[in-house]
Amino acid sequence: MAGVLNVPQSSFFRSIPSNQKIPRRTISIIRATSETPLSSTSTSTTTKEDQKLETSFTVPPNFKPPEPKPFTVKGGQTLDILGASLSLLFRLGTGVFVSGYSASFVPQNEIPPDQYALGVAGYKVKETSKVGPRPEKPIEIYEFESCPFCRKVREIVGVLDIDVLFYPCPKNGPTFRPKVVQMGGKQQFPYMVDPNTGTAMYESDDIIRYLVGKYGDGNVPFMLSLGLLTTLTEGFAMIGRMGKGSSYSPSKLPPKPLELWSYEGSPFCKIVRETLVELELPHIQRSCARGSSKRQVLYQKAGHFQVPYLEDPNTGVQMFESGDIIEYLKATYAQ
């Protein structure tokens, strides 16, 4: 008779309560939301021809979405994936698991064939988690990839299993860096806007406390509560990809944000996000860390679960495979 193996939470999933008051700004008008056409952020000097370039996109010639190949590295990207994997070591998997994650091994016949579950040695892994209230509209975060303070916020997004509309702010980015100054008064990252409450704020620790208080159980995960040590390990986690995802590459701004199914901690997702940031492409992240119910949503949508998975409403493209996604993004949006 098959037994059930319960996987207990290890020390890095422990959390401590936070009773510190969170400084915040309440804004009466959210100037940038997921419902606002992205082309509206263009400056007044943009010509009609520029606007046409920014809003007209087609699938690259001879493009065909690749077949998903689990755990396969595209030729020439082995070092990229290895470098991006260092974060798992330094951050002990923070952001890889949803809050309250637990797992057990059950016989295969206990999991319906149309339900996502990882198979291991003739068994299926049954995963559960505990999430808080869901935001009606995606949280909006202005940030860039190679920033340790921004990474802290991306990790809590995975823990809370909430969707976020990311506005990339690479160095010399012409669109969203100026927007942050316009909204908050200074160029500092990350910057969060919650269109559900009208709250906006800087400071990664304040953002984390706000998110766990509003959309979690009020407790800051242990690995995000260590102050300077948290920031240092976040920085060490980026050593293998130093500088990637931080500088702007000229691009065409799409009218609608892209959608990326991913989670912090996946090296395959990280290299795709680097490209999205460098091209300053707004994107909604459908967070799907282990224990997320959105794994089942993607499984039903695409007939397979694998991340990253990109959906581009500007061209209709839907595709797996990180290396091919990067090539597609550059072919479609690089200028």
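Reply: The largest pocket is lined by 25 residues, and those nearest its centre are Phe71, Arg290, Phe305, Gln306 and Val307. This is a predicted model, in which local features need pLDDT of at least 70 and side-chain atom pairs count only at pLDDT 80 or more, while totals for chains, interfaces and linings use all residues. Residues are numbered from 1 along each chain as its sequence is written, and side-chain values use heavy atoms, with hydrogens and water left out.

Me: What makes a set of points a pocket, and what makes a residue part of the lining?

Reply: On a 1 Å grid over the protein atoms alone, a pocket is an open set with protein on both sides within 12 Å along at least five of seven lines, and lining residues have an atom within 4 Å of a point. The volume of the largest pocket is about 570 Å³. Helix H8 (267-278) and helix H9 (294-302) each supply at least two residues of its lining.

Me: How is the lining of the largest pocket divided by class?

Reply: The lining has 14 nonpolar, 6 polar and 5 charged residues. Here Ala, Val, Leu, Ile, Met, Phe, Trp, Tyr, Cys and Pro count as nonpolar, Asp, Glu, Lys and Arg as charged, and the others, Gly among them, as polar.

Me: Why is lysine 270 called buried?

Reply: Buried means under 20% relative accessible area (1.4 Å probe, protein chains only). Lysine 270 has a relative accessible area of 10%, and is therefore buried. This lysine 270 is found in helix H8.

Me: Which residues does lysine 270 touch, not counting those up to four places away in sequence?

Reply: Lysine 270 touches Ala84, Glu145 and Arg241, where contact means heavy atoms within 4.5 Å.

Me: Why are H8 and H10 described as roughly parallel?

Reply: Angles under 35 degrees count as roughly parallel. The axes of H8 and helix H10 (residues 322-333) cross at roughly 5° and come within 9 Å, so the two helices are roughly parallel to each other. In this contact, Phe268, Ile271, Val272, Thr275 and Leu276 of H8 meet Ser322, Ile325, Ile326, Leu329 and Lys330 of H10. The contact has 7 nonpolar, 2 polar and 1 charged residues.

Me: What is the angle between H4 and H6, and how are the two helices described?

Reply: Helix H4 (residues 148-160) and helix H6 (residues 204-215) pack at an angle of about 10°, with axes 9 Å apart. That angle makes H4 roughly parallel to H6.

Definitions and conventions. Axes are lines fitted to C-alpha atoms, for helices over the stretch in contact, and angles run from 0 to 180 degrees between N-to-C directions. Helices (H or I, at least four residues) and strands (E, at least two) are DSSP runs, numbered from the N terminus. Angles under 35 degrees count as roughly parallel, over 145 as roughly antiparallel, 65 to 115 as roughly perpendicular and the rest as oblique. On a 1 Å grid over the protein atoms alone, a cavity is a set of points where a 1.4 Å probe fits but cannot get out, and a pocket is an open set with protein on both sides within 12 Å along at least five of seven lines; lining residues have an atom within 4 Å of a point. Grid points are joined across faces, edges and corners, and a volume is the space filled by probe spheres set on the points. Buried means under 20% relative accessible area, exposed over 50%, partly exposed in between (1.4 Å probe, protein chains only).
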